[in-house]
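Here is a briefing on one structure, for a reader who works with coordinates.

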Amino acid sequence: MNAEERPVDVLVMGAGTIGCFIGGSLAVAGVRVAFVGRPRMLGALSSRGITLTDLDGISNHVSPGMIQLAEAVPPGIRPGLVLLTVKSGATAEAASELAARLPAGTAVLSLQNGISNAAVASEAAPRLNILPAMVPYNVAEIGPGAFHRGTVGRLAAKDDPTLRRWVSVFERAGVPIDLYADLLPIQWGKLLLNLNNPINALSGLPLRDELLQRGYRRCLAGLMDEALAELAMAGIQPAQLAVVPAAKLPGILRLPTPLFRVVAARMLRIDAKARSSMADDLALGRRTEIDALCGEVVRLAKANGSKAPRNAKMVELLEAWPERKERWAPRQLAAELGL
Ligand SMILES: NC(=O)c1ccc[n+]([C@@H]2O[C@H](COP(=O)([O-])OP(=O)(O)OC[C@H]3O[C@@H](n4cnc5c(N)ncnc54)[C@H](OP(=O)(O)O)[C@@H]3O)[C@@H](O)[C@H]2O)c1
């Protein structure tokens with residue numbers, strides 16, 4: 001792709017599940033979007049375009065001619081906004097690539113899980129304006145060039161004058177975004193929910209089946225308790241992103257399953273086959289985002305002068321997966337976590 005050919009409004013750095021869904025939604029709304037990604041994904045997008053569906057029955061298609069595709073950040077490109085949508089382990093490298101090609105001050109929205117990705121990107125690209133954001137919904141790649149949003153919610157990002165100009169565009173594109181002076185409580189609120197990702201990955205089960213086993217829920221409650229205690233110590237009040245306040249989640253998770261089914265009916269409205277993407281990462285031998293989830297709790301504890309042994313153990317178990325490759329039963333996992 002040559003930047004002189006066609007101007008670009010939005011550059012997606014990391015054409016994967018989230019990048020294609022949000023970038024594709026913006027393209028449907030008439031935004032000129034360029035995608036930087038790997039050959040496998042670019043091949044699918046160049047032959048099929050992007051098909052976007054969601055649980056409300058929305059279905060949109062972006063034809064290949066509507067988007068620009070590249071294997072590296074094109075020289076001379078001047079996007080109004082960059083969406084940084086690589087997994088946490090790839091953040092520093094992707095940010096360095098952006099820094100080498102984009103004008104100083106370019107706004108880069110880190111649509112990534114965890115707490116530290118924007119800081120990691122800023123360190124690698126200090127002249128760019130890196131802004132943290134939070135994606136509340138789950139998106140799955142359901143076929144080549146086809147992406148399905150399986151849950152609902154509104155994007156959240158740190159308030160910034162550049163982003164304010166994009167709010168109406170995101171709204172029109174069906175990916176509404178809210179801006180907050182302080183995003184940290186929202187990022188932690190999401191992280192607490194994401195603590196289920198490693199449990200789901202180690203369980204070897206679809207999310208719904210895993211959550212319907214009280215043993216796994218007790219493990220999750222144990223990880224959450226530890227994180228909540230550290231957050232309280234640090235004076236951070238996690239935002240409520242589920243039906244109940246974050247502090248009430250462990251109690252609900254520990255309920256007997258028949259009661260949990262009723263109380264958490266909304267939480268259980270998940271596609272029967274859906275798994276966390278961390279489960280896919282383990283299955284495909286890819287690096288996981290465990291350090292950006294449980295690892296973040298461990299770092300917070302360290303900063304508090306305390307320890308988070310259960311979350312530390314989860315980091316260990318995920319890292320040891322390549323040698324074991326055997327699913328963990330609820331009792332075994334609880335024992336490892338000291339529960
Ligand atoms: N998927 C969801 O439902 C969801 C929901 C909320 C938040 N998130 C968060 O969103 C972020 C992105 O997740 P995702 O599921 O969209 O990941 P993904 O599907 O793996 O997409 C990232 C893509 O970027 C590519 N990539 C990495 N470095 C690159 C580079 N330097 N240049 C070009 N391409 C590069 C990756 O290729 P390689 O695999 O070859 O590195 C991969 O194809 C994560 O932090 C995740 O936790 C995801």
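E171 is partly exposed, with a relative accessible area of 42%; partly exposed means between the cut-offs for buried (under 20%) and exposed (over 50%), with a 1.4 Å probe and protein chains only. The side chain of E171 meets that of R154 in a salt bridge, 3.5 Å from N to O. A salt bridge here is a side-chain nitrogen of Lys or Arg within 4 Å of a carboxyl oxygen of Asp or Glu.

This is a predicted model: local features need pLDDT of at least 70, side-chain atom pairs count only at pLDDT 80 or more, and totals for chains, interfaces and linings use all residues. Residues are numbered from 1 along each chain as its sequence is written, and side-chain values use heavy atoms, with hydrogens and water left out.

**Salt bridges**

- E171 sits in helix α6 (residues 167–172) and R154 in the loop between β10 and β11 (155–158), so their bridge ties together parts 17 residues apart in sequence. Helices (H or I, at least four residues) and strands (E, at least two) are DSSP runs, numbered from the N terminus.
- R154 is partly exposed, at 38% relative accessibility.
- The whole structure holds 13 salt bridges.
- E141 pairs with R40, with the closest N and O atoms 3.2 Å apart. E141 belongs to strand β9 (residues 139–143) and R40 to helix α2 (residues 39–48), so this bridge ties together parts 101 residues apart in sequence.
- E141 is partly exposed at 32%, while R40 is exposed at 59%.
- D54 pairs with R149, and their closest N and O atoms are 3.2 Å apart. This pair links distant parts of the chain, 95 residues apart: D54 is in strand β3 (residues 50–54) and R149 in strand β10 (residues 146–149).
- D54 is buried at 7% relative accessibility, and R149 is buried at 10%.
- A network of salt bridges links K87, D281 and R286.

**Ligand site**

- The ligand is surrounded by 23 residues, where near means a heavy atom within 4 Å. The closest are T17, I18, N113, V139 and E289.
- The shell divides into 10 nonpolar, 8 polar and 5 charged residues. Ala, Val, Leu, Ile, Met, Phe, Trp, Tyr, Cys and Pro count as nonpolar, Asp, Glu, Lys and Arg as charged, and the others, Gly among them, as polar.
- Ligand oxygen atoms lie 3.0 Å from a side-chain N or O atom of R38, 2.8 Å from one of N113 and 2.7 Å from a polar backbone atom of V139.
- The protein covers 85% of the 880 Å² of accessible area that the ligand has on its own, by the Shrake-Rupley method with a 1.4 Å probe.

**Burial and surface**

- Helix α8 (residues 196–203) is mostly covered, with 8 of its 8 residues buried. Just after α8, G204 takes a positive phi of about 70°.
- E296, in helix α14 (residues 294–303), is buried at 8% relative accessible area. Its side chain joins that of S116 in a polar contact of 3.0 Å; such a contact is a pair of N or O atoms within 3.5 Å and, within protein, one must be able to donate a hydrogen and the other to accept it, while residues adjacent in sequence count only if both atoms are side-chain atoms.
- K325 has a positive phi near 50° and is not a glycine. K325 lies in the loop between α16 (321–324) and α17 (330–336) and is exposed at 60%.
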